[in-house]
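Here's a friendly walk through one protein model, from the whole chain down to a few single residues. Take a look at the sequence and the structure first.

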Amino acid sequence: MTAQKNVVIVESPTKAHTIEKYLGQDFAVVSTMGHIRDLPKHRFGVNITDGFVPTYEPLPERKDALKRLKSAVQKAREIYVATDPDREGEAIAWHVKEALKLKDLRRIEFHEITKDAVRRALEHPRDIDMQRVEAQQARRILDRIVGYMLSPLISKKIRSRLSAGRVQSVAVRLICEREREIQNFVPQEYWSITATLTPQEEPHLFEAKLLKRTTSDEKIKIANSQQAQEILTDLEGAVWRVIKVEEKEQRRHAPLPFTTSTLQQEASKRLGFSTKKTMAVAQELYEGVELGAEGATGLITYMRTDSTRVADEAQQAARAFITAQYGHEFVRQGGPRVAKKAHVQDAHEAIRPTDVRRLPDDIAPYLTPDQLKLYRLIWQRFVASQMAPAIFDVVSVDIQANEYIFRATGSVLKFSGWLTVYEETRDEDAKPDEEESQGQLPPLREQQLLDLIKLTPKQHFTEPPPRYTEATLVKALEENGIGRPSTYAPTISTILERGYVKLEKKRFVPTELGFLVTDALVKHFPKIVDVGFTALVEEELDKIEEGKLDRLTVLQEFYKEFAAAYERAQREMASLKPKPVETEEVCPECGSKLVIRTGRYGQFYSCSAFPKCRYTRPLEERVRAREEASVPCPKCGGKLIRKYARKGGRSFFGCENYPTCDFTVSQIPIKPCPSCKDGVLVESPDGELVCSNKRCEHREPLVATAP
């Protein structure tokens, strides 16, 4: 008879493998493979009239996982569930308990997968936090109400197979509104004047910018070339004199350690990672990587967090490391620094390395290139956050010439502090500082005379707001309280997949479909796509988790207004679907007339007798032309030919030797993959070349070739 074991239940096999090595022979670790139950796929599954009671069903794809779980817990000594330390993890723990009909289940929680953290968690088991579960269920039911009712409505009125959602529709609205700001923007002309000067005693060129008149404290505004020329005329023959020198020491503090959203933003700016890729790689680092003799090891703390808090022991370890590596003067003094913002789930820590002594270069041989890049970024940011401020000597000099004041600013790094380890990437859309320091100025004193070398007038035009990048969209969503950082990656993936937006030069551009859907939702469901209302719903979910609101109240208030808007929209929303265009061609299968319809992938021929006859073909007759790619099939060496799917006419490239060879690729093959023999390089939505083989991580810049 097999001895009874303690069973620990987690979500993923990788996490199970890492934890198993810490627990020894008395424990068995099994995985749920993610969620095991959810609302039904093909019906609403929420009883609105009876208290919004949800009906959950086992997910068909988790059938084998459920069998394994039932077998594992049958003779278990103790059952622990160690799912992720957030709402979703708490909900999975509750679903496990309900699905397996367990009366006694111990919930354990840890924020890093290390031996000490797992052992400590086992010593402090608790009950499932039903307030967290209630908040998760409220969120799931809200999303089901919006998605299940709105998606069919806009599919019926605009185009088939569309979707709407609480967060995704607001994200698309932000992108559409930004695009309209750009379209309606009228550039305004303005001018600047820069003086190149030098001390009379010892030549040392530096620049000063026109700031104001001596008669006013307001910054001078130069609207056109005529005004600029008038100022240049006024300055002819002027005496240039230093009237004020201000020296000060400026401290620049390190950025706080990463939260989910700041990690997504910085990885996008610095590494070119999509939010989806950042979260996938971070998940791998969290769940554990094989480090040779050390075995599977969790390298970072939990990566879904909006807290910047750092555990005391982690701070102490970082300070000891910094002292040994750089010296005591590089250690940050004072108490912990944390972000001061509302609705932070402070039970979590910031994202940090589980062991600061595990240097990126030391473990590089065990990591993939992407894992190493992200781990290095997280390690550097955390170490920097525990280091002393960088100190600059800043000098600001005001110079008078006739009735005008020019200003020069210079700065010199005095003490590098945290800049020794890390420097935050500048925001892509940050406007240049008009008084930006120019490095070290020559020694200057009040009343010192200067020689003018030249005056440079320069014409400028105001610029429209920039389109969103992934980083700036994530920043906007977080600042407006829309969704949770853990939802940003799937939200961005969804709006791209639905064709509401596209990426051009790594910036979001709304499509015509995106505008159509957004305008319809703004007109008929203004609250659903309202930034403030969406943020309020997130606050209410937080209050459910905190026990300050009950789930039923939130759902009832939301549904009352939503249902009324839905009823009106069903009656009043105009159909925007393009009508089929009749042709003189005859269907080869039934003899009816062919019409031209518009689908998700463009226009195509269809039988007018649809749905009785389902004949379709591409609008263009290229289906009969052998359009060949310049790249051979990586599987058999044959030619890759453009083909067309019968349904909707969507094109793809497939091997000429089909069915002997079944290789296909949905995009135009550009060249063979230099890293693997199983794929070809195609252009990705963000403008890079990536391998069509999902297991290959090869990517490179797209370089335009001359015609």
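## The whole chain

Let's start with burial: 49% of the 707 residues in the protein chain are buried, where buried means under 20% relative accessible area, exposed means over 50%, and partly exposed is in between (1.4 Å probe, protein chains only). This is a predicted model, in which local features need pLDDT of at least 70 and side-chain atom pairs count only at pLDDT 80 or more, while totals for chains, interfaces and linings use all residues. Residues are numbered from 1 along each chain as its sequence is written, and side-chain values use heavy atoms, with hydrogens and water left out.

The protein chain has 17 helices and 30 strands; these are DSSP runs numbered from the N terminus, with helices being H or I of at least four residues and strands being E of at least two. Its C-alpha trace spans about 90 × 75 × 60 Å along the principal axes. Of the contacts in the protein chain with a separation of 6 or more, 67% come from residues 24 or more positions apart, a contact being heavy atoms within 4.5 Å.

## Surface and charge

## A pair of helices

Helix 8 (residues 260–271) packs against helix 9 (residues 275–287) at an angle of about 115°, their axes being 9 Å apart. On the helix 8 side, the contact is made by Thr260, Leu263, Gln264 and Ala267, and helix 9 brings Thr275, Thr278, Met279 and Ala282. The axes here are lines fitted to C-alpha atoms over the stretch in contact, and angles run from 0 to 180 degrees between N-to-C directions.

## Valine 146, tucked inside

Now find valine 146, which sits in helix 5 (residues 130–157). Is valine 146 buried or exposed? Valine 146 counts as buried because its relative accessible area is 0%. Leaving out residues up to four places away in sequence, valine 146 touches Ser151, Gly165, Arg166, Ile528, Phe558 and Phe562.

Most residues other than glycine have a negative phi, and most peptide bonds are trans. Arginine 161, not a glycine, has a positive phi of about 60°. Arginine 161 lies in the loop between helix 5 and helix 6 (168–183), and it counts as exposed because its relative accessibility is 61%. Lysine 506 also has a positive phi, near 65°. The loop between strand 17 (501–504) and strand 18 (507–510) holds lysine 506, which is partly exposed at 36% relative accessibility.

There are cis peptide bonds to spot, too. One joins phenylalanine 610 and proline 611, with omega about 10°, and proline 611 is in the loop between strand 21 (602–607) and strand 22 (616–618). Another joins tyrosine 658 and proline 659, again with omega about 10°. Proline 659 lies in the loop between strand 25 and strand 26, and glutamate 656 is in the loop between strand 25 (651–655) and strand 26 (664–665).
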